[in-house]
Amino acid sequence: MLRRCTRLKKLKEGKLVSAHVLKSIFKHDRLIHNTILNMYAKCGRMDEARNLFDEMPVRDLVSWTTMITGYSQNNQSDGAVALFPQMLRMGLQPNEFTLSSLLKALGFWPRDECGRQLHAYCLKYGYCSNLYVGSALVDMYVRHDRIDEGQSIFCLLVNKNEVSWNALIAGYARKGEGERALCMLQEMLRAGFKPTYFTYSSVFGALSASGSLEQGKWVHAHMIKSGGQLIEFVGNALLDMYAKSGSIEDAEKVFYRLLRRDLVSWNSLLTGYAKHGRGRECVSKFEEMLRIGIQPNDITFLCILNACSHAGLLDEGQYYFDLMKKYNVEARTAHHVTIVDLLGRAGLLDRSKKFIEEMPIEPTAEIWGALLGACRMHKDMELGKYAAERVFELNPNDSGPHVLLSNIYATAGRWGDAVKVRRMMQKSGVKKEPAYSWVDIENKVHMFVANDDSHPHGKEIRKTWEEVSAKIKEIGYVPDTSHVLFFADEQERESRLQHHSEKLALAFALLNTAPGSTIRIKKNIRVCGDCHSAFKFASKVLDREIILRDTNRFHHFHDGACSCGDYW
């Protein structure tokens, strides 16, 4: 009966049974005590388990292992680690279950020293080749960002199971190595193992980080063929993958097909809407969520505030910021950043500054950086300088604010001040992140930097863009040379504009994709205003949808317009 109560998580009934047993002739039976211990641990009641453990007259290996496993499974690593040396002092030798549970707990330990010591213990007593211990070692190392050591242990395992494969795949996923995680999935399939929901969830997470849409579709198709269903956590990972890979339509389809929608599902869709410039739809979906009784959390409000900021929904954004109090959600730094951004994008720079000064929290570099970005957008040099100085005080090593201030000066024609900022960066050792763009063509990544002459098809790429440039000029495109932020004559400035990395990536995609197909480009920093304008015209003359993901959002260019409404 105790085992049945444990399996069904019926703690109340289990307590009644245990109370009866502990008053019977079996009150000193070690097996009964261990069974009750296991019930408490499986039901997450570790305090009660510990009380019983401490009162037990005799404790065997099963008792200690049950407690260590319970602490590990209930995310109480401290308790598991503290018990292990006590167990050794009692003269008991751990078994594979003790060691694997302890290794799992050490995967969440702040540092890896204890994990390495336990690894040495496992080597000494010949446990490393054990399937359970070996899999736990792989998981422990990859959680401490030591993926190479985890891979080495994995390769030495004579026998592997889904747990060992999942541990390594999840490790690559956490590092954002989507291609490697996908390769491991393919190796797992070739080895005859069937992926679990955890496998698929990890791979979707890795592919969302890299924005690999086609590979993500392949994994999704494989999951369907294998009979997988869209249960919450794997469905949420799939939804997030589609949204972050540029297909908000597929993300919506997944959302509506989920067997059950939890808060993570709603947050993922709201984030997708915000990133894809669909602010009104984000607001509508948020209101629907409230109507059906889903309680929003801090992430939900961050999603809706970002959507309002990117769509220029000033009144709605301020309303939802105030609404947080009704739901007892405390505004964090990130929420204040979005309000500064919201006011700044709307051109209300003085109100944005006043909001910062009246905040209940101390302004951070991110908050002042949001105001600085708005000053760059609206060409407010004096307030931009003030905001930049605040950022420099709080985070002098970030290149972004230096570049923004330099750009503000350059746009205003104050080249001397722009040069001073650049020299200050050099003196401080602050380096600007180089801009680059890339496209995935037939499962291969092609990367470009501005004025790139290194590509083997460089001449064809430049010729293609020149042809596109000529066509879009015929229908109204005028190069905006204000985005060339160094002193030069007009002809040289226009020439520089034509070889930005995203334009080269677009030209390459035109050479290597079918006519009429969607072109997907990614960029590591914010797209410049001239490229944004050029892509709008290009989408019209080429009759192609162009989806550009930059560091902030997705831009869907179609028939001469962008999904952001030129508000980004």
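Predicted model: local features only at pLDDT ≥ 70, side-chain atom pairs only at ≥ 80, totals over all residues.
Val527 is placed in the loop between strand 3 and helix 30. Leaving aside residues up to four places away in sequence, Val527 touches Glu502, His532, Leu548, Asp550, His555 and Trp568. The C-alpha atoms of Val527 and Tyr567 lie 12 Å apart in space, while the two residues are 40 residues apart in sequence.

Strand 1 (residues 436–441) runs antiparallel to strand 2 and is joined to it by six bridges, with Val439 standing opposite His446 of strand 2. These two strands form a hairpin with two residues between them, and in the turn Glu442 has a positive phi of about 50 degrees.

Strand 1 is also joined to strand 3 by two bridges, again in an antiparallel arrangement, and here Ser437 stands opposite Lys523 of strand 3. The pairing of strand 3 with strand 4, by contrast, is parallel and extends over four bridges; in this pairing, Lys522 has Arg549 of strand 4 as its bridge partner. Strand 3 is mostly covered, since four of its five residues are buried.

The packing of two helices was examined next. Two packed helices are described by the angle between their axes and the distance between the axes. The axes of helix 9 and helix 11 (residues 162–174) come within 9 Å and cross at roughly 5 degrees. Angles under 35 degrees count as roughly parallel, and helix 9 and helix 11 are therefore roughly parallel to each other. On the side of helix 9 the contact is made by Leu131, Ser135, Val138, Asp139, Val142 and Arg143, and on the side of helix 11 by Val163, Ser164, Ala167, Leu168, Gly171 and Arg174.

A pair of aromatic rings is described by the distance of the centres and the angle of the planes. Across the whole structure, 20 aromatic pairs are found. In one of them, the ring centres of Phe97 and Tyr132 are 5.7 Å apart and the planes stand at 40 degrees, so the pair is tilted. This pair links distant parts of the chain, given that Phe97 lies in helix 7 (residues 96–106) and Tyr132 in helix 9 (residues 131–143), 35 residues apart. Phe97 is partly exposed, at 44% relative accessibility, and Tyr132 is likewise partly exposed, with a relative accessible area of 43%.

In another pair, the rings of Phe321 and Phe355 have centres 5.8 Å apart and planes at 70 degrees, so the pair is edge-to-face. Distant parts of the chain are linked here too, with Phe321 in helix 20 (residues 314–323) and Phe355 in helix 22 (residues 349–357), 34 residues apart. Phe321 is buried, because its relative accessible area is 15%. Ring pairs also link Phe286, Phe301, Tyr319, Tyr320 and Tyr327 into a cluster.

Aromatic rings also take part in arrangements with charged side chains. The charged end of Arg261 sits over the ring of Phe255, at 5.0 Å from the ring centre, and that of Lys353 sits over the ring of Tyr386, at 5.2 Å from the ring centre.

A further residue, Asn34, lies in helix 3 (residues 30–42). Asn34 is buried, with a relative accessible area of 7%, and its contacts, not counting residues up to four places away in sequence, are with Met56, Asp60, Val62 and Ser63.

Notes. Residues numbered from 1 in each chain as written. Heavy atoms only, no water. Phe/Tyr/Trp six-rings, centres within 6.5 Å; stacked < 30°, edge-to-face > 60°. Buried < 20%, exposed > 50% of the residue type's maximum accessible area, 1.4 Å probe, protein only. Lys NZ or Arg CZ within 6 Å of the ring centre and 35° of its normal. Contact = heavy atoms within 4.5 Å. Pairing = 2+ DSSP bridges. Axes fitted to C-alpha atoms, helices over the stretch in contact; angles between N-to-C directions. Parallel < 35°, antiparallel > 145°, perpendicular 65-115°, else oblique.
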